[in-house]
Amino acid sequence: MNETMVCAVGRVATQPVYREMASGPSARFRMAVTARYWDREKNMWTDGHTNFFTVWANRQLATNAAASLTVGEPVIVQGRLKVRTDVREGQSWTSADIDAVAIGHDLAWGTSAFRRAGKPETASAPTQPEPNWETPPGGSPEPTDATSQQPPEPAMLT
């Protein structure tokens, strides 16, 4: 499948909107990407044109983006570019969306502290200890009762 993958570097322009859908969590926000160039005459950086993208995130990425992003923060978004044209009230509209695969803070502008998201609770399945897969030196594995296993002693190298 041919898709246009992009990596956009910009700032969060609107607060992420989070929704629980039938297909799972979804979030969207607008992202502003402004070109900057060095103006030799003024001897300074100058802002160029600003492009706005609607960024869509799904499932766990949506949950994490909604909990992590606020307006004005610098972000990097990687995903599939989707350009749509529409006719509304006789006028032609074009919009550019990014179906995000990855979203992160741009660390060129500051620091970030990563926190792993908790795993959702699943139905309580009986927990079983890990079987002893260690093979004793010079032999085959001994059958053991999985409920009363002790971790193997570390082998000494001589």
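Which residue in β6 does Trp-56 stand opposite? Trp-56 stands opposite Asp-99. Welcome to this structure, which is a predicted model: local features need pLDDT of at least 70, side-chain atom pairs count only at pLDDT 80 or more, and totals for chains, interfaces and linings use all residues. Residues are numbered from 1 along each chain as its sequence is written, and side-chain values use heavy atoms, with hydrogens and water left out.

**Overall layout**

- The protein has 1 helix and 6 strands; helices (H or I, at least four residues) and strands (E, at least two) are DSSP runs, numbered from the N terminus.
- Of the 158 residues in the protein, 20% are buried; buried means under 20% relative accessible area, exposed over 50%, and partly exposed in between (1.4 Å probe, protein chains only).
- The accessible surface of the protein is about 12,800 Å², and carbon and sulfur atoms account for 54% of that; accessible areas come from the Shrake-Rupley method with a 1.4 Å probe, and for residues only the protein chains shown count as cover.
- Among contacts between residues at least 6 apart in sequence, 54% join residues at least 24 apart, where contact means heavy atoms within 4.5 Å.

**How the strands pair**

- Strand β2 (residues 17-21) pairs with β3 in the antiparallel sense over 5 bridges; two strands pair if DSSP finds at least two bridges between them.
- Val-17 has Arg-28 of β3 as its bridge partner, and the hairpin from β2 to β3 passes through 2 residues.
- Strand β3 (residues 24-39) also pairs with strand β4 (residues 44-58), in the antiparallel sense and over 13 bridges.
- Within that pairing, the bridge partner of Met-31 is Phe-53 in β4.

**A closer look at Thr-46**

- Thr-46 has its place in strand β4.
- Is Thr-46 buried or exposed? Thr-46 counts as buried, because its relative accessibility is 17%.
- Leaving aside neighbours within four places in sequence, Thr-46 is in contact with Ala-35, Arg-36, Tyr-37 and Asp-39.

- Asn-43 has a positive phi of about 55° although it is not a glycine.
- The place of Asn-43 is in the loop between β3 and β4, a hairpin with 4 residues between the strands.
- Asn-43 counts as exposed because its relative accessible area is 54%.
- Glu-89 is another residue other than glycine with a positive phi, here near 50°.
- You will find Glu-89 in the loop between β5 (74-88) and β6.
- With a relative accessible area of 84%, Glu-89 is exposed.

- The average pLDDT of the protein is 83, and 74% of the residues score at least 70; pLDDT is the predictor's confidence in each residue, from 0 to 100.
- Over residues 144-152 the pLDDT is below 50, and this stretch has 8 contacts in the model beyond near neighbours in sequence.
- Where pLDDT is low, the predicted coordinates should not be read in detail.
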